[in-house]
Amino acid sequence: MVDLEGCEREPIRVPGAIQPHGLLLVLDAGSERVLAAAGDAAALLDFHEDPVDRLFSDLAGAPLLDLAREAGLSAGQEPLFLGSILPHHGVELDILAHERAGRVMVELEPSLQDRPSAARLLAKVRSGVAAIKTKQTLEAACETGAEVIRSLSGHDRVMVYQFMPDSAGKVIAESRTEAVGSFLNHYFPASDIPPQARELYVQNLIRVIPDVSYLPAPLVGLPAAELLDMSDCALRSVSPLHIQYMENMGVASSMSVSIIVGDALWGLVACHGTAPNLVPYEMREACKHIVAFLSQKIETLVASEQSAEANLLASRREGLLGSLARSESFEMVLRRQLHELMQYIPCTGVIVSSDGILTAAGTVPNLHQCRELCTFARDHDNSPPFATHDISSLMPASKAYTGLVSGVLAITVGAELPVQILWLRPEYAETIQWAGPPHKSGTAASAGNALLTPRSSFETWLETVGGRSEHWSLAQLAAAQRLRDGIERIQVRQRLSRLQAEVIHISRVSAMGTMASAIAHELNQPLTIVHNYVGALSRMLGQNENADPEVSDVLRRISEQSLRAGAIVRHLRQLVSGSSMTLASHNVRDLVESACSLGLLGLAQLGIQSAIRVADDLRVLADPVQIQQVLINLMKNSLEAIASTPNPGPQILTIEAQRVRNNFVEISVSDTGPGIPEAVQNRLFSAFNSSKDAGLGIGLSICRTIVEAHGGSIRAEAVPAGGANFRFTLQEAPEHG
Amino acid sequence: MADPIVHIVDDEPDICLSTALVLRLSGLTCATWSSGVTFLEEADIHAWGCAIIDVRMPGIDGFATLKALRERGSQLSVIMASGHGDLSGRSDGQNASATDFITKPYDVERLVARVRELLAKP
């Protein structure tokens with residue numbers, strides 16, 4: 001492994017030297033006196049004395065202050081172009097200056113030689129921006145950006161380098177001549193561009209090394225202890241390690257421009273030349289402008305890609321949740337949705353655990369290991385979902401299969417026997433499609449710096465990501481969370497329906513018991529009458545001496561059968577005595593509300609409102625299940641009545657309760673339906689109607705049986721304003737009973 | 001002395017008719033009432049006799065009728081007729097003042113015998 005830790009501690013801002021293609025003069029802001037200088041003043045300015053302690057105008061032939069005032073130089077700004085000068089025997093030089101801490105740092109460097117007019121350069125910039133603007137994807141925009149920069153700067157290879165979440169970097173686009181190798185899809189570890197460099201690159205947006213084999217020119221004139229901050233100097237000398245790396249790559253010149261997105265360093269446009277390449281000020285500015293536009297474009301594209309991804313995830317999630325919601329047992333359906341789950345969040349394997357059954361698809365470890373992962377994920381699940389790209393650091397047992405599974409994203413829904421979905425990713429290295437070392441051989445590197453090569457960088461990077469997978473993006477984490485919430489809602493809803501179905505079932509079973517006892521009771525009346533008449537007949541026959549013996553015989557048989565019927569009724573009553581009433585003190589409001597949950601099913605769909613006017617403190621002596629049956633029956637009757645005749649105007653079903661005399665509580669259910677036809681009124685409770693719907697209704701006759709068994713009474717009334725009102729009484733119960 | 005009267009109090013007409021018929025054929029004098037109210041208002045509740053009162057009636061039910069009867073000082077023997085399994089479940093002690101209980105459907109012969117017993121006492 002390359003030990004570039006030294007790199008982190010390197011003082012890159014205060015190198016104390018410059019690249020010698022230009023000249024650096026550190027001036028006192030007030031007097032223009034040169035405090036320190038670096039570079040070859042003789043060659044560049046034809047000035048053959050020691051520049052230190054001289055005035056700027058002595059060297060440059062122009063007073064600095066005038067130039068500075070014209071250009072508007074002030075402290076804390078970035079370097080300003082002040083103008084150009086043409087010394088006697090030399091090339092034209094650009095003057096750049098910036099002011100820091102009472103000093104003016106002046107850099108003189110060769111101007112653009114083959115100088116196109118400003119208009120032509122601008123035109124190139126404009127067409128470059130236009131070309132980037134039309135691109136719709138990140139890769140295309142970056143590739144175009146690289147091409148544009150290469151056409152401006154003249155380097156042989158221009159790469160767009162993106163920083164990953166852990167500061168490692170990836171080359172995502174490239175423009176190059178045939179002569180050089182490709183670095184596309186190459187990865188560099190975070191250590192290749194150490195933190196202090198990344199910090200500097202946010203402040204200082206462009207760095208150029210015109211000739212990698214330069215000899216640094218030291219800064220002379222400042223006291224030894226003082227380190228000059230040269231962060232904003234274009235001529236700043238760079239780290240020797242960096243130089244060595246370039247040389248090992250066979251690169252003779254370089255340039256890098258910062259890509260800033262959202263005030264942070266998103267990546268770099270990195271340029272390599274196989275020959276020295278000076279990039280003068282105007283060209284640098286043009287490149288900065290292009291890259292600034294590219295940065296904005298990247299920001300927009302990333303945002304729109306994220307939103308497109310979010311939409312895609314949302315629609316896939318709708319599909320998943322939709323099929324789950326429609327099923328009776330979503331756990332079972334979920335186990336068959338493995339393919340869809342793998343599409344939902346990119347992964348190489350998925351595990352679903354539900355009802356204690358594990359199913360999996362794609363690349364997953366063995367069953368036992370899958371269970372291990374599920375258990376671990378469940379134990380570490382908080383909201384948000386459990387996510388790691390480095391499972392072996394959390395769960396050592398997984399080291400055994402790190403190649404297959406390094407990244408895990410898991411959601412867990414429910415507490416006992418939870419539903420779990422785990423998305424798995426393999427080790428990063430498995431996913432890389434890097435073709436191999438891009439640089440040509442030939443540069444014999446000495447033993448010490450053989451390690452500073454792209455190949456070893458890549459290997460270093462591989463080591464840093466060993467046992468790790470690609471990170472889960474924020475969008476993917478959010479998608480997992482939303483899916484989890486969606487599944488939880490379905491779970492709750494299905495549980496609720498199951499409970500409701502159970503309640504209905506129990507209610508029916510108990511209704512059957514009540515029905516049986518009510519049938520038995522109803523039979524009492526006709527049987528009693530039959531018994532009486534049989535008794536009467538036998539007396540009549542007994543008193544008549546001329547009675548036909550056959551008639552007596554027939555009568556005897558009738559008598560036997562009616563006695564038999566009576567016995568059956570008594571027997572039946574004993575059979576269902578288990579479902580006889582359990583009287584206890586119950587809160588009326590509670591009874592009404594639980595009855596409503598079943599009795600008022602479908603209320604909203606029918607457009608009917610309900611009104612409950614029951615005080616909280618009313619209690620009655622009642623068997624709760626039976627009284628609820630009465631309430632449900634009355635409510636259902638009212639709903640049907642309202643639904644059968646569409647009355648204009650508001651349809652309301654009202655349930656009220658109040659105390660009445662003699663310590664009874666009267667409960668009433670009224671509706672705004674068509675009311676009770678007079679013809680039916682007398683027969684309402686006495687005829688034993690089997691209810692029309694096969695559902696919850698148990699018939700008014702049984703209602704009467706139940707109410708009267710409770711010691712109360714039930715009656716029906718027409719409402720003057722239209723509708724029907726059913727009311728029944730129950731004994732009031734003491735507060736605690 | 002007039003014959004003792006067996007009062008049959010039941011809201012269902014057929015019960016009244018059929019019970020009265022079989023009792024008359026057994027030589028008893030009957031009077032039928034379709035509600036506790038009319039029974040209390042119009043019957044001679046102080047004369048010697050017996051009443052068979054249906055427990056379950058709309059308006060004023062069997063037990064309320066019994067209670068009113070006793071409150072008015074009637075000494076009639078009262079047989080409460082019920083369709084329910086257990087009358088003794090009533091927690092308010094109202095069954096205390098009844099003389100006897102029968103459960104529908106009742107054995108006619110036993111009813112006749114019991115009524116005769118109750119009417120025999122002076």
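A crossing of two helices is called right-handed if the near helix is turned clockwise from the far one by less than a right angle, and left-handed if the turn is anticlockwise. By that rule, in this predicted model, the crossing of H5(A) and H6(A) is right-handed. Helix H6 covers residues 138–153 of chain A, and its axis comes within 9 Å of that of H5(A), with a crossing angle of roughly 165°. Since angles over 145 degrees count as roughly antiparallel, H5(A) and H6(A) are therefore roughly antiparallel to each other.

On the H5(A) side the contact is made by Leu121(A), Lys124(A), Gly128(A), Ala131(A) and Ile132(A), and on the H6(A) side by Ala141(A), Thr144(A), Gly145(A), Val148(A), Ser151(A) and Leu152(A). Sorted by class, the residues of this contact of H5(A) with H6(A) are six nonpolar, four polar and one charged.

## H5 against H9

Helix H5 (residues 118–133) of chain A also pairs with helix H9 (residues 281–326) of chain A, their axes coming within 10 Å and crossing at roughly 20°. That angle makes H5(A) roughly parallel to H9(A), and the crossing of the two helices is right-handed.

From H5(A), the residues Leu121(A), Val125(A), Gly128(A), Val129(A), Ile132(A) and Lys133(A) meet a set in H9(A) that includes Glu282(A), Met283(A), Ala286(A), His289(A) and Phe293(A). The contact of H5(A) with H9(A) divides into nine nonpolar, two polar and three charged residues.

## H6 against H9

The axes of H6(A) and H9(A) come within 10 Å and cross at roughly 175°, which makes H6(A) roughly antiparallel to H9(A). The residues that make the contact include Leu138(A), Ala141(A), Cys142(A), Gly145(A) and Val148(A) of H6(A), together with Met283(A), Ala286(A), Cys287(A), Ile290(A) and Leu294(A), among others, of H9(A). By class, the contact of H6(A) with H9(A) has 15 nonpolar, two polar and two charged residues.

## The interface of chains A and B

The size of an interface is often given as the accessible area lost when the parts come together. Chain B and chain A bury about 2200 Å² between them, and 54% of this area lies on carbon and sulfur atoms. Of the area that chain B buries against chain A, 33% is supplied by Leu25(B), Arg56(B) and Pro105(B), more than by any other three residues. The contact takes 22 residues from chain B and 21 residues from chain A.

Two salt bridges are found across the interface of chain B and chain A. Glu109(B) forms a salt bridge with Arg539(A), in which the closest N and O atoms are 2.9 Å apart.

## Backbone features in two loops

Pro105(B), one of the three residues named above for their share of the area that chain B buries, is joined to Lys104(B) by a cis peptide bond with an omega of about -10°. Pro105(B) lies in the loop of chain B between strand S5 (100–103) and helix H4 (108–120).

In chain A, Glu32(A) has a phi near 65°, which is a positive value in a residue other than glycine. Glu32(A) is placed in the loop between strand S2 (23–28) and strand S3 (34–38) of chain A.

Methods
Residues are numbered from 1 along each chain as its sequence is written. Chains are lettered from A and ligands numbered from 1 in the order in which they are written. This is a predicted model: local features need pLDDT of at least 70, side-chain atom pairs count only at pLDDT 80 or more; totals for chains, interfaces and linings use all residues. Side-chain values use heavy atoms; hydrogens and water are left out. Axes are lines fitted to C-alpha atoms, for helices over the stretch in contact, and angles run from 0 to 180 degrees between N-to-C directions. Helices (H or I, at least four residues) and strands (E, at least two) are DSSP runs, numbered from the N terminus. Angles under 35 degrees count as roughly parallel, over 145 as roughly antiparallel, 65 to 115 as roughly perpendicular and the rest as oblique. Contact means heavy atoms within 4.5 Å. Ala, Val, Leu, Ile, Met, Phe, Trp, Tyr, Cys and Pro count as nonpolar, Asp, Glu, Lys and Arg as charged, and the others, Gly among them, as polar. Buried area is the accessible area (1.4 Å probe) that two parts lose on being put together, summed over both. A salt bridge is a side-chain nitrogen of Lys or Arg within 4 Å of a carboxyl oxygen of Asp or Glu.
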